[in-house]
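The sequence and structure come first.

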Amino acid sequence: MVAGALKERVSFAVRNEQDDGYGNTEAGWIEQFQDAAEYINLRGGETVIAARLENRHPQIIRVRSHTATRRITADWRVTDTRTSTEYAIRDVTASTDKKWIDLLCERGVVP
């Protein structure tokens with residue numbers, strides 16, 4: 001993996017729930033930061049094919065590991081800044097060399 005492969009731009013947001021003044025809560029997203037990323041499409045497995053048939057598109061979004069990206073959890077959201085496509089984060093995995101963070105994400109589901 002080389003830094004030159006990080007050709008995409010994504011933003012990360014965390015859910016924020018606020019009182020709407022009528023006793024209910026209203027959820028919104030607050031952008032935390034933007035970063036360069038690489039998209040890695042998953043291939044072939046039975047679960048990947050089944051997800052695509054259900055119009056869910058699982059893929060890996062890889063970012064460089066630093067202070068901000070190490071805070072990401074599965075309840076955050078990723079948005080492609082160029083296309084405004086939103087992805088729900090399903091899992092966060094740091095690489096063994098601690099240089100990269102892989103986010104297992106799904107497009108087509110509610111984050």
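Is strand S4 (residues 76-80) largely enclosed by the rest of the structure or exposed, and why? Five of its five residues are buried, so S4 is largely enclosed by the rest of the structure. Buried means under 20% relative accessible area, exposed over 50% and partly exposed in between, with a 1.4 Å probe and protein chains only. Strands are DSSP E runs of at least two residues, numbered from the N terminus.

The model is predicted: local features need pLDDT of at least 70, side-chain atom pairs count only at pLDDT 80 or more, and totals for chains, interfaces and linings use all residues. Residues are numbered from 1 along each chain as its sequence is written, and side-chain values use heavy atoms, with hydrogens and water left out.

**Strand S4 and its partners**

Trp 76, Val 78 and Asp 80 point one way from S4, while Arg 77 and Thr 79 point the other way. In a regular strand the side chains alternate between the two faces of the sheet. S4 runs antiparallel to S1 (residues 8-19), joined by five bridges, and antiparallel to S5 (residues 86-94), joined by three; two strands pair if DSSP finds at least two bridges between them. Arg 77 is the bridge partner of Ala 13 and also of Ala 88 in S5. Five residues separate S4 and S5 in their hairpin, and Ser 84 in the turn has a positive phi of about 60°.

Contacts of Leu 103 (heavy atoms within 4.5 Å) include Phe 12, Ile 72 and Val 78, not counting residues up to four places away in sequence.

**Salt bridges**

There are four salt bridges, each a side-chain nitrogen of Lys or Arg within 4 Å of a carboxyl oxygen of Asp or Glu.

| Asp 102 | Arg 62 | 2.6 Å |

Asp 102 lies in S6 and Arg 62 in S3, so their pair ties together parts 40 residues apart in sequence. Both Asp 102 and Arg 62 are buried. Glu 86 is partly exposed at 35% relative accessibility, whereas Arg 77 is buried at 13%.

Definitions and conventions:
Helices (H or I, at least four residues) and strands (E, at least two) are DSSP runs, numbered from the N terminus.
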